[in-house]
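Here is a short briefing to read alongside the model.

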Amino acid sequence: SDDLKAYMDEHDIKNPILLGHSMGGKTALLHALEYGYTKHDTNVPSASPSEKYGVRCVISLDSAPCQYDISHDYIFNAMKKMDLGAISRRMDAERQLRPPPPP
């Protein structure tokens, strides 16, 4: 939601209609929870966070309301170790991400 707020600031977006799928839907819902809804005229300047960042509508698709175990850390850790300078094709990246052969 913080990234979404930063994007809205950078692009001067006020009172959007948010549509998200899966994690994007959860981000949209969290943003609405943090900043609220607004029915104000979007052309009226205001210092109120709900009037500036509040959403007019949230559409969340395929977003189960549950918490998942963190299970992708091994992927992110592998990606952080990649030598990006040695990648010019997808095959190069796939080769770096392959698990090492067993000893």
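Among contacts in the protein (heavy atoms within 4.5 Å) between residues at least 6 apart in sequence, 61% join residues at least 24 apart. This is a predicted model, in which local features need pLDDT of at least 70 and side-chain atom pairs count only at pLDDT 80 or more, while totals for chains, interfaces and linings use all residues. Residues are numbered from 1 along each chain as its sequence is written, and side-chain values use heavy atoms, with hydrogens and water left out.

**Overall layout**

- The protein has 5 helices and 2 strands; these are DSSP runs numbered from the N terminus, with helices being H or I of at least four residues and strands being E of at least two.
- Read from the N terminus on, the order of elements is α-β-α-α-β-α-α.
- Of the 103 residues, 20% count as buried, where buried means under 20% relative accessible area, exposed over 50% and partly exposed in between (1.4 Å probe, protein chains only).

**How H1 meets H2**

- Helix H1 (residues 2-10) packs with helix H2 (residues 23-35) at an angle of about 75°, and their axes are 9 Å apart. Axes here are lines fitted to C-alpha atoms, for helices over the stretch in contact, and angles run from 0 to 180 degrees between N-to-C directions.
- H1 and H2 are therefore roughly perpendicular to each other; angles under 35 degrees count as roughly parallel, over 145 as roughly antiparallel, 65 to 115 as roughly perpendicular and the rest as oblique.
- On the H1 side the contact involves Asp2, Leu4, Lys5 and Met8, which meet Thr27, His31, Glu34 and Tyr35 of H2.
- The residues of this contact of H1 with H2 divide into 3 nonpolar, 2 polar and 3 charged. Ala, Val, Leu, Ile, Met, Phe, Trp, Tyr, Cys and Pro count as nonpolar, Asp, Glu, Lys and Arg as charged, and the others, Gly among them, as polar.

**A closer look at H2**

- Which residues of H2 are buried? They are Gly25, Ala28, His31, Ala32 and Tyr35.
- As background, an α-helix has 3.6 residues a turn, so residues three or four places apart point the same way.
- Met23 and Leu33 are exposed residues on the face of H2 turned away from its buried side.
- Just after H2 comes Gly36, with a positive phi of about 80°.

- Most residues other than glycine have a negative phi.
- Asp12, in the loop between H1 and strand E1 (17-21), has a positive phi near 50°. Asp12 counts as exposed, at 54% relative accessibility.
- Ser22 sits in the loop between E1 and H2 and has a positive phi of about 60°, although it is not a glycine. Ser22 is partly exposed, with a relative accessible area of 33%.

**Links across the sequence**

- Asp62 lies in the loop between strand E2 (57-61) and helix H4 (73-80), and is exposed at a relative accessible area of 61%.
- Leaving aside residues up to four places away in sequence, Asp62 touches His21 and Ser22.
- Asp62 and Lys26 are 36 residues apart in sequence and 9.4 Å apart in space, C-alpha to C-alpha.
- Pro99 is in the segment after helix H5 (90-97) and is exposed, with a relative accessible area of 69%.
- From Pro99 to Ala78 the C-alpha to C-alpha separation is 9.2 Å in space, and they are 21 residues apart in sequence.
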